[in-house]
Amino acid sequence: MHIKRTGRILAATSLSAALVVAGVAAPAVAGNGHGSDAQSSSASLRKAVTARGITAHLDALQAIADANGGNRAAGTSGHVASAEYVERQLQKAGYTTTRQPFSYTKVIVDLAAFSQTAPTVVDYAYPDEFYPMDYTASGDVTAAISPVDVNLVGDRASTSGCEAEDFAGFVAGSIALLQRGSCDFAVKASNAAAAGASAAIVFNQGNDVPGDDRFGVVQGTLGEPGILIPVVGTSYAIGETLATTVGSTVRVALQTHDETINTFNVLADTKKGNPDELVVVGGHLDSVLEGPGINDNGSGSAAILETAIQFSKLKIKPTNKVRFAFWSGEEDGLQGSNYYVSQLTEAQIESHALNLNFDMVASPNPVRFVYDGDGDALGTAGPEGSDAIEDIFLNYFASQGLATAPTDFDGRSDYFAFIEAGIPAGGLFTGAEGIKTEEEAAIFGGTAGEPYDPCYHSACDTNANLDQVVLEQMADAIAHATFTAADAKAPGHGHGGGHGGGHGGSGHGHNGWGNGHSGHGPGHHGHPNKH
């Protein structure tokens, strides 16, 4: 999952009504007009896709990382070997695989320093207390801090730095102190540079969001080179201290160089199914350089691989064509999925029915998070049709008597390019660096006050860093959702304005996936949390 480790400061999260505790029979989900038959029809695939089968793939990915410098990062021999393994497995199952090559520029940080120089001297540790933004410029700056429209009280809602007007009275040459929230980091940094800032510091927002750490170190991206000042992210606590200390001056020093990464996505389509209702089931295959990435995201990509294999072995004949996608470059800024969507014509975008994204599905201190497609829990909806995808997962887990919690479309994973293009999306997530709350521990088990995955983006993210129970549960849900989406027939081209009669007759059933991809849901053009 893109965005690296964000610190260890505890975040108290209140879920209350947002948590869904299931214990009643689920309403029917999509099934080619079969109603509740869809659930029973997916049973053979759910039975075939097991944690044991997925773990065999994860063991293979671990061995690949061990033989290739301890990681499977994009552009390395470890990623190539991982892709070759996936290709062999898919080809043995009868698929024709395709490589989609692409390149991108990665900024490599050679030197990183961040310290308060007055009124007291405090040196902050890299990477635990600050992190350079992806695509930051180099520089060595010591100057006074200038907070820009920050909010340290109440819900800490923030539009800091999102408008040029935020910099009224800003003293050129000072360092802009910006708070996460409401717009892309690139927008904040660009506005700071235009106002004459010599550097920019983005600190975390300091609010409670289920499944996301809004207190730890921000590790984000500026999207592409071009902003000519050094930019770092830090924690809410450090940002609050700098904002409230009279006479704060800081030093930000970064030395970087560019490196071209040549890599590729792996794609495989079912032989049967309507190509005008294409279902993309995807997850990223690359790891970070710091470790083998077995939970992040070996778990999601291995679950997709095993689903594809068993889908073929069972000779399932989908109504809609399914494309199994293994993205590269996710950890460097969602590069592979962004490239894939960028190459689609308008007609091809229209032919994409939906995207299912699986990124981290075996976290050792897990919560069963489902993307909040309709935005009713967390306020940011996906494109029209994402509500129906969310319901597939919620209804399935309800039928199994398993609780779920919502997680939002915060731009952290490979669904992002799809929802920006108006393609409905959904998926599952068991947690990354965020901190499990007491309420979550009471419902899902595990340890409150600890990260969902304490080995997130670390060398210890090995095949020992997995919860086999939640992996089995996620495997069944992945198989069921893949089958359901593949079998869901959308009369009159299923991107039409209605969704049937789910949600208590509110016009959101499952016979369709959107509205011509025209709607993006609130907030996705100026995405508040894009990292």
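User: Let's start with charges: in this predicted model, where a salt bridge is a side-chain nitrogen of Lys or Arg within 4 Å of a carboxyl oxygen of Asp or Glu, how many salt bridges are there?
Analyst: Take Glu87 and Arg99 as one case: their side chains meet at 2.7 Å, N to O, and the cut-off is 4 Å. Counting by this rule across the predicted model, you get five salt bridges.

User: Is Lys106, which bridges to Asp332, buried or exposed?
Analyst: The closest N and O atoms of Lys106 and Asp332 are 3.2 Å apart, and the pair links strand β1 to the loop between β10 and α8, 226 residues apart. Buried means under 20% relative accessible area. Lys106 comes in at 17%, so call Lys106 buried.

User: On to rings: what kind of pair do Tyr95 and Phe324 make?
Analyst: Both residues are buried, and they sit 229 residues apart, with Phe324 in strand β10. Their ring centres are 6.0 Å apart and planes over 60 degrees apart count as edge-to-face, so at 85° the Tyr95 and Phe324 pair is edge-to-face.

User: And what about Phe102 and Tyr104?
Analyst: Both are buried, with their ring centres 6.1 Å apart. The planes are at 25°, and under 30 degrees counts as stacked. That makes the Phe102 and Tyr104 pair stacked.

Methods. Residues numbered from 1 in each chain as written. Predicted model: local features only at pLDDT ≥ 70, side-chain atom pairs only at ≥ 80, totals over all residues. Heavy atoms only, no water. Phe/Tyr/Trp six-rings, centres within 6.5 Å; stacked < 30°, edge-to-face > 60°. Helix = DSSP H or I, 4+ residues; strand = E, 2+ residues; numbered from the N terminus. Buried < 20%, exposed > 50% of the residue type's maximum accessible area, 1.4 Å probe, protein only.
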